Amino acid sequence: MNAESAIARATLLVCVTCKSDEGPLGANLFAALAERLAAEPDIALRPIECLSVCKRPCTVALAAAGKWTYVVGDLTREAHVEDIVTAARRYAAAPAGIVPWRERPLPFRKGVVSRTPPLALAATPLV
(Lines give C-alpha, C1' and ligand atoms only; values in the text may rest on other atoms or scores of the structure.)
Protein backbone atom coordinates (compact mmCIF):
# COMPACT_ATOMS: atom_id res chain seq x y z
CA MET A 1 0.00 0.00 0.00
CA ASN A 2 1.22 3.49 -0.52
CA ALA A 3 2.22 5.73 2.34
CA GLU A 4 -0.66 8.14 1.72
CA SER A 5 -3.51 5.72 2.38
CA ALA A 6 -6.13 7.03 4.78
CA ILE A 7 -7.57 3.57 5.53
CA ALA A 8 -4.50 2.04 7.18
CA ARG A 9 -5.01 0.66 10.68
CA ALA A 10 -1.31 0.88 11.49
CA THR A 11 1.76 2.79 10.39
CA LEU A 12 5.14 1.13 10.11
CA LEU A 13 7.91 3.70 10.48
CA VAL A 14 11.34 2.60 9.27
CA CYS A 15 14.46 4.47 10.28
CA VAL A 16 16.18 5.14 6.97
CA THR A 17 19.16 6.70 8.73
CA CYS A 18 20.36 3.33 10.15
CA LYS A 19 23.63 2.33 8.55
CA SER A 20 26.78 0.30 9.05
CA ASP A 21 30.10 -0.25 7.34
CA GLU A 22 28.13 -2.29 4.78
CA GLY A 23 26.00 0.67 3.77
CA PRO A 24 22.52 2.13 4.23
CA LEU A 25 20.80 -0.63 6.23
CA GLY A 26 17.64 1.33 7.00
CA ALA A 27 17.08 2.53 3.45
CA ASN A 28 17.55 -1.02 2.17
CA LEU A 29 15.10 -2.40 4.74
CA PHE A 30 12.59 0.30 3.81
CA ALA A 31 12.88 -0.59 0.10
CA ALA A 32 12.29 -4.28 0.80
CA LEU A 33 9.28 -3.50 2.98
CA ALA A 34 7.84 -1.10 0.39
CA GLU A 35 7.86 -3.90 -2.16
CA ARG A 36 6.47 -6.45 0.30
CA LEU A 37 3.71 -4.20 1.72
CA ALA A 38 2.51 -2.79 -1.62
CA ALA A 39 -0.74 -4.77 -1.40
CA GLU A 40 -1.37 -4.42 2.35
CA PRO A 41 -4.33 -2.05 2.87
CA ASP A 42 -4.07 -2.04 6.67
CA ILE A 43 -0.44 -0.98 6.90
CA ALA A 44 0.96 2.40 5.87
CA LEU A 45 4.73 2.50 5.42
CA ARG A 46 6.71 5.64 6.10
CA PRO A 47 10.43 6.41 6.08
CA ILE A 48 11.56 8.30 9.15
CA GLU A 49 14.79 10.13 9.89
CA CYS A 50 16.52 8.64 12.93
CA LEU A 51 14.62 6.93 15.72
CA SER A 52 17.71 7.50 17.94
CA VAL A 53 18.38 3.81 18.51
CA CYS A 54 21.69 3.88 16.65
CA LYS A 55 23.26 1.08 18.67
CA ARG A 56 20.53 -1.35 17.52
CA PRO A 57 20.06 -0.88 13.78
CA CYS A 58 17.80 -1.36 11.96
CA THR A 59 14.97 0.11 13.96
CA VAL A 60 11.26 0.30 13.17
CA ALA A 61 8.22 1.59 15.01
CA LEU A 62 4.59 0.49 14.85
CA ALA A 63 2.10 3.25 15.64
CA ALA A 64 -1.58 4.08 15.27
CA ALA A 65 -4.07 6.50 16.79
CA GLY A 66 -5.29 5.24 20.15
CA LYS A 67 -2.78 2.39 20.25
CA TRP A 68 0.46 1.72 22.08
CA THR A 69 3.55 2.44 19.97
CA TYR A 70 6.34 -0.13 19.77
CA VAL A 71 9.94 0.61 18.80
CA VAL A 72 11.91 -2.49 17.81
CA GLY A 73 15.59 -2.75 16.94
CA ASP A 74 18.13 -5.27 15.66
CA LEU A 75 16.28 -5.95 12.40
CA THR A 76 17.78 -6.71 9.00
CA ARG A 77 16.53 -6.84 5.44
CA GLU A 78 18.04 -10.27 4.97
CA ALA A 79 16.45 -11.98 7.97
CA HIS A 80 13.41 -10.05 9.19
CA VAL A 81 11.17 -8.69 6.42
CA GLU A 82 8.54 -11.41 6.90
CA ASP A 83 8.71 -11.06 10.70
CA ILE A 84 8.13 -7.31 10.36
CA VAL A 85 5.16 -7.87 8.03
CA THR A 86 3.66 -10.45 10.40
CA ALA A 87 4.13 -8.15 13.39
CA ALA A 88 2.58 -5.20 11.53
CA ARG A 89 -0.47 -7.25 10.52
CA ARG A 90 -1.02 -8.46 14.07
CA TYR A 91 -0.51 -4.96 15.46
CA ALA A 92 -3.04 -3.53 12.97
CA ALA A 93 -5.60 -6.15 14.07
CA ALA A 94 -5.05 -5.61 17.81
CA PRO A 95 -7.54 -3.06 19.20
CA ALA A 96 -5.03 -1.37 21.54
CA GLY A 97 -1.96 -2.37 19.55
CA ILE A 98 -0.92 -4.89 22.20
CA VAL A 99 -0.20 -8.21 20.52
CA PRO A 100 0.08 -11.07 23.04
CA TRP A 101 3.75 -11.87 23.63
CA ARG A 102 3.53 -15.44 22.32
CA GLU A 103 1.91 -14.22 19.09
CA ARG A 104 4.76 -11.83 18.28
CA PRO A 105 7.50 -12.94 15.88
CA LEU A 106 10.70 -13.72 17.79
CA PRO A 107 12.49 -10.47 16.81
CA PHE A 108 9.50 -8.55 18.23
CA ARG A 109 9.80 -10.42 21.51
CA LYS A 110 13.55 -9.86 21.87
CA GLY A 111 14.08 -6.55 20.08
CA VAL A 112 11.62 -4.21 21.79
CA VAL A 113 13.36 -0.94 22.66
CA SER A 114 10.27 0.76 24.05
CA ARG A 115 6.51 0.60 24.33
CA THR A 116 4.84 4.01 24.59
CA PRO A 117 1.22 4.50 25.65
CA PRO A 118 -1.28 6.25 23.44
CA LEU A 119 -1.30 10.03 23.86
CA ALA A 120 -4.83 9.87 25.24
CA LEU A 121 -3.45 8.11 28.33
CA ALA A 122 -1.07 10.99 28.91
CA ALA A 123 -4.05 13.33 29.16
CA THR A 124 -5.87 11.13 31.70
CA PRO A 125 -5.71 12.61 35.22
CA LEU A 126 -3.91 10.57 37.85
CA VAL A 127 -6.10 9.19 40.57
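This is a predicted model: local features need pLDDT of at least 70, side-chain atom pairs count only at pLDDT 80 or more; totals for chains, interfaces and linings use all residues.

Reader: Thanks! How many disulfides does a search of the whole structure find?

Author: The search finds zero. Cys15 is in no disulfide, and its nearest cysteine sulfur, that of Cys18, is 3.6 Å away. Cys54 is in no disulfide either, with the sulfur of Cys50 nearest at 4.2 Å.

Reader: Let's go inside. Which residues touch the most other members of the largest nonpolar core?

Author: Those are Leu12, Val14, Leu29, Leu33, Val60 and Phe108, in a core of 29 residues. In soluble globular proteins, nonpolar side chains tend to be buried together.

Reader: Which elements give two or more residues to that core?

Author: They are the strands β1 (10-15), β2 (43-48), β3 (60-63) and β4 (69-72), along with the helices α1 (25-36) and α2 (77-93). The largest share, seven residues, comes from α2. Apart from this core lies another one, of five residues, including Leu13, Val53, Ala61 and Ala63.

Reader: You mentioned Phe108. What does Phe108 touch?

Author: Leaving aside residues up to four places away in sequence, Phe108 touches Val60, Leu62, Val72, Leu75, Asp83, Ile84 and Ala87.

Reader: Tell me about α2, then. How many residues does α2 have, and how far does it reach?

Author: α2 has 17 residues and reaches 24 Å from its first C-alpha to its last, close to the 24 Å expected at 1.5 Å a residue.

Reader: Which residues of α2 are buried?

Author: His80, Val81, Ile84, Val85, Ala87, Ala88, Tyr91 and Ala92 are buried in α2. An α-helix has 3.6 residues a turn, so residues three or four places apart point the same way.

Reader: Nice, and what covers the buried residues of α2?

Author: The cover includes β1, β2, β3 and β4, together with α1 and α3 (106-110).

Reader: Changing topic: how many salt bridges does the structure hold?

Author: The structure holds three. Side chains of opposite charge can pair when their charged atoms come close. In one of the bridges, Glu82 meets Arg36 with 2.7 Å from N to O. That pair links distant parts of the chain, with Glu82 in helix α2 and Arg36 in helix α1, 46 residues apart.

Reader: How accessible are Glu82 and Arg36?

Author: Glu82 is partly exposed at 42% relative accessibility, and Arg36 is partly exposed at 29%.

Reader: What about Arg89, which residue does it form a salt bridge with?

Author: Arg89 pairs with Glu40, and their closest N and O atoms are 2.5 Å apart. Arg89 is in helix α2 while Glu40 is in the loop between α1 and β2, 49 residues apart. Arg89 is partly exposed at 37%, whereas Glu40 is buried at 13%.

Reader: And where do Asp74 and Arg56 sit?

Author: Asp74 is in the loop between β4 and α2, and Arg56 is in the loop between β2 and β3, 18 residues apart. Their side chains meet in a salt bridge of 2.8 Å, N to O. Asp74 is partly exposed at 37%, and Arg56 is partly exposed at 24%.

Key: Residues are numbered from 1 along each chain as its sequence is written. Side-chain values use heavy atoms; hydrogens and water are left out. A disulfide is a pair of cysteine sulfur atoms within 2.5 Å. A nonpolar core is a set of buried Ala, Val, Leu, Ile, Met, Phe, Trp, Tyr and Cys residues joined through side-chain atoms within 4.5 Å. Buried means under 20% relative accessible area, exposed over 50%, partly exposed in between (1.4 Å probe, protein chains only). Helices (H or I, at least four residues) and strands (E, at least two) are DSSP runs, numbered from the N terminus. Contact means heavy atoms within 4.5 Å. A salt bridge is a side-chain nitrogen of Lys or Arg within 4 Å of a carboxyl oxygen of Asp or Glu. The expected span of a helix is 1.5 Å times one less than its number of residues.
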